[in-house]
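Hi,

Here is the model I said I would pass on to you. Please open it first, and then read my notes below alongside it.

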Amino acid sequence: MSGHVTLAPWIVWDGDIASHHSYAVVNCEITQALISQGIGVEILGGAGYGRSPGGAPRPLAYVRHRWPPDFSRPDLASFEGVRFVVIQPWEYGYLPLSWIQPLRDQVDEVWAYSEFVRQVYTQSGIDGQRVHVIGCGINPARFRPGLKPANLPTQKGFRFLFVGGAATSRKGL
């Protein structure tokens, strides 16, 4: 068939990729991995890269990964059958009660960073068939064993590493 173009599948990604916080780093790495696999990505929520192909069929999914959590279903009226996916890490045994109903009623799937986070969701009452483990997106060229340690401008022998947001109350500072 002359002139026939096959358009790649694509997704809508709702989350920042341009900042230096953990969510943006994970968003950037996962979306880059999707793009490298031939999946088009349309980025919402900040400066970014990737666009859905013009005239492409509906996206495969609408994925939201950002803080604070937003479980409200996006307007998918023009995308009948599109899966609404939320990636929302939670490290504290059970989900906040205010999350349970919107997760059950508004969200089609939850993607969890680890089996532990998946269990937090299922033990909180979210159907395990809807919760899937995906690893955090990381750049193995940047995060891997054997790299030379960063040179910190101090002569002190003890250094404290804090991973998290100092202004976030749930981080325990």
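Let me begin with Val131: leaving out residues up to four places away in sequence, Val131 touches Val110, Ala112, Arg118, Tyr121 and Ile126, where contact means heavy atoms within 4.5 Å. Val131 lies in strand β6, and its relative accessibility of 2% makes it count as buried. The cut-offs here are under 20% relative accessible area for buried, over 50% for exposed, and partly exposed in between, with a 1.4 Å probe and protein chains only. Glu115 is 16 residues from Val131 along the chain, and their C-alpha atoms are separated by 9.8 Å.

Before the rest, some notes on the numbers. This is a predicted model, in which local features need pLDDT of at least 70 and side-chain atom pairs count only at pLDDT 80 or more, while totals for chains, interfaces and linings use all residues. Residues are numbered from 1 along each chain as its sequence is written, and side-chain values use heavy atoms, with hydrogens and water left out.

On confidence, the mean pLDDT of the protein is 82, and 79% of its residues reach 70 or more; pLDDT is the predictor's confidence in each residue, from 0 to 100. Over residues 47–52 pLDDT stays under 50, and the model has 20 contacts beyond four places in sequence for them. Where pLDDT is low, the predicted coordinates should not be read in detail.

Now the overall layout. The protein has three helices and six strands, and from the N terminus on its elements run β-α-β-β-β-α-β-α-β. Helices (H or I, at least four residues) and strands (E, at least two) are DSSP runs, numbered from the N terminus. Of the 173 residues, 32% count as buried. Among contacts between residues at least 6 apart in sequence, 52% join residues at least 24 apart. The protein exposes about 10,900 Å², and carbon and sulfur atoms supply 57% of that area; accessible areas come from the Shrake-Rupley method with a 1.4 Å probe, and for residues only the protein chains shown count as cover.

Which residues of helix α3 (residues 115–123) are buried? They are Val117, Val120 and Tyr121. Seen down the axis of α3, these buried residues fall within an arc of 95 degrees, so they line one face of the helix; the arc is that of the directions from the helix axis to the C-beta atoms. Their cover includes α2 (97–106), β5 (109–112) and β6. After α3 comes Gly125, with a positive phi near 105 degrees.

In α2, the buried residues are Trp99, Ile100 and Leu103. They cover an arc of only 110 degrees around the axis, which puts them on the same side of α2. They pack against β5 and α3, whereas the face turned away from this buried side carries the exposed residues Leu97, Ser98 and Asp105.

Glu109 has its place in strand β5. Is Glu109 buried or exposed? With a relative accessible area of 15%, Glu109 is buried. Setting aside neighbours within four places in sequence, Glu109 is in contact with Arg83, Phe84, Val85, Val86, Arg130 and His132.

Phe160 counts as exposed, at 65% relative accessibility.

Happy browsing!
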